Amino acid sequence: MSQTILITGGCGFIGSNLVAFFLRQGFRVRVLDSLARPGSEVNHLWLHSLGYDEELTIIRSDIRDAAAVESAVHGVDGIFHAAGQVAVTHSVLHPREDFEINALGTINVLEAARRQRKPPLIVLTSTNKVYGATRHVPIVEQETRYMYGDERPGISEEQPLDFHSPYGCSKGSADQYVLDYARIYGIPTVVLRMSCIYGPRQFGNEDQGWVAHFVISALKRNPITIFGDGKQVRDVLFIDDLINMFWTVWQQHEHVAGEAFNIGGGPEHTLSIWREFGPLIERISGQQPAVAYGDWRPGDQRVYISDIRKAHERLGWSPQIGVEEGVARLYNWLLREHPQLSQMDNA
Ligand SMILES: NC(=O)c1ccc[n+]([C@@H]2O[C@H](COP(=O)([O-])OP(=O)(O)OC[C@H]3O[C@@H](n4cnc5c(N)ncnc54)[C@H](O)[C@@H]3O)[C@@H](O)[C@H]2O)c1
């Protein structure tokens with residue numbers, strides 16, 4: 001009998017890639033998703049088109065609905081919890097909703113798991129935002145980017161937590177609860193504090209998913225707004241490398257239960273968001289979108305790079321796909337699957 005996993009947010013960008021992966025590995029997969037995110041309907045149809053009618057169950061429910069979560073969790077061997085309110089900007093406008101989805105929604109998952117006879121593995125998709133503005137880390141300005149002013153290979157798990165913005169607070173509380181359920185109830189849980197993830201099935205917009213947003217804008221020939229000077233640096237991780245990390249955690253979770261890992265492209269996979277990304281997208285697509293500059297967003301980090309050494313040392317994981325290759329794959333996927341994007345006239 002094959003194993004069953006639940007993927008919350010399974011019609012989202014990360015979730016839908018994960019669902020397809022686990023189906024192909026021979027698992028039975030349950031998805032719980034409210035389809036709140038624009039684009040999740042497209043992923044929903046795509047998942048149904050994969051031909052796993054027997055193995056795939058998609059439950060259209062809200063993570064805030066404890067009874068729905070309880071029944072989705074019943075009897076599963078593992079849970080990848082990726083449903084969430086994902087935008088900092090939205091969280092600032094609607095902090096209660098953000099809290100209820102991200103923090104309370106996670107409690108619903110944890111409590112449902114605790115009531116199982118054999119509690120399943122729970123993997124949380126947390127965020128680097130739990131480290132806040134990392135204000136005390138020295139920064140230097142270079143021609144096309146900011147960089148750390150010391151020799152550090154990035155921000156490690158030792159960095160003090162410093163929740164910034166309602167999104168940071170709600171994800172941060174979820175992160176801490178998930179770790180604590182391993183301590184207090186002995187449930188096998190793992191937290192992945194993820195940096196910027198990008199790739200096919202991502203429908204990024206100005207509020208979240210900037211790599212896909214910029215690539216889509218290039219295709220549509222839409223202008224984009226850069227908040228700040230465009231020299232902000234991020235490490236970026238292609239979705240296949242993240243899926244590989246989830247799979248590694250699934251296989252080795254006994255060794256790492258109750259632990260958090262920083263997951264991103266690390267120092268080898270970084271970009272400044274416009275001064276380096278602009279020329280990159282021009283090399284790939286032959287054009288750069290027009291840009292306007294806006295004020296810095298509050299709390300925006302000049303540099304965020306994940307120190308991914310712990311994931312490498314404990315799990316043998318490291319990213320394989322280079323930035324230029326990954327962005328080209330995203331661009332080509334959009335061209336292939338959504339050719340209408342390039343034909344839209346500033347839509
Ligand atoms: N993409 C990244 O770069 C990144 C980085 C760090 C952390 N994360 C986290 O990873 C998770 C997945 O992110 P993503 O990029 O795939 O985002 P996404 O928006 O594509 O996916 C989130 C999914 O959750 C669903 N959802 C939203 N509210 C819901 C609710 N109330 N009940 C049930 N489902 C709901 C949406 O419909 C969507 O399908 C999120 O929790 C996010 O905070 C993402």
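Predicted model: local features only at pLDDT ≥ 70, side-chain atom pairs only at ≥ 80, totals over all residues.
Local features were taken only where pLDDT is at least 70 and side-chain atom pairs only at pLDDT 80 or more, while totals for chains, interfaces and linings use all residues. Residue numbers start from 1 along each chain as its sequence is written.

Strand 4 (residues 78-81) pairs with strand 5 in the parallel sense over 4 bridges, and Ile 79 has Ile 122 in strand 5 as its bridge partner.

On to the helices. Helix 5 (residues 95-114) packs on helix 6 (residues 165-185) at an angle of about 15°, their axes 8 Å apart; axes are lines fitted to C-alpha atoms, for helices over the stretch in contact, and angles run from 0 to 180 degrees between N-to-C directions. That makes helix 5 roughly parallel to helix 6, a label for angles under 35 degrees. The contact (C-beta atoms, placed from the backbone, within 7 Å) includes Phe 99 and Leu 110 in helix 5 and Tyr 177 and Val 178 in helix 6. Its residues split into 12 nonpolar, 4 polar and 3 charged, where Ala, Val, Leu, Ile, Met, Phe, Trp, Tyr, Cys and Pro count as nonpolar, Asp, Glu, Lys and Arg as charged, and the others, Gly among them, as polar.

Helix 1 and helix 2 (residues 40-48) have axes that come within 10 Å and cross at roughly 5°, and are therefore roughly parallel to each other. Ser 16, Val 19 and Ala 20 of helix 1 meet Asn 43, Trp 46 and Leu 47 of helix 2, which gives 4 nonpolar, 2 polar and no charged residues.

Finally, the ligand. Of the 28 residues around it, Gly 9, Gly 12, Ile 14, Gly 84 and Thr 125 come nearest; being near takes a C-beta atom, placed from the backbone, within 6 Å. Helix 1 (13-24), strand 5 (121-127) and strand 9 (196-198) each give two or more residues to this shell, with helix 1 giving the most, 3 residues. The shell divides into 13 nonpolar, 10 polar and 5 charged residues.

Notes
Parallel < 35°, antiparallel > 145°, perpendicular 65-115°, else oblique. Contact = placed C-beta atoms within 7 Å. Pairing = 2+ DSSP bridges.
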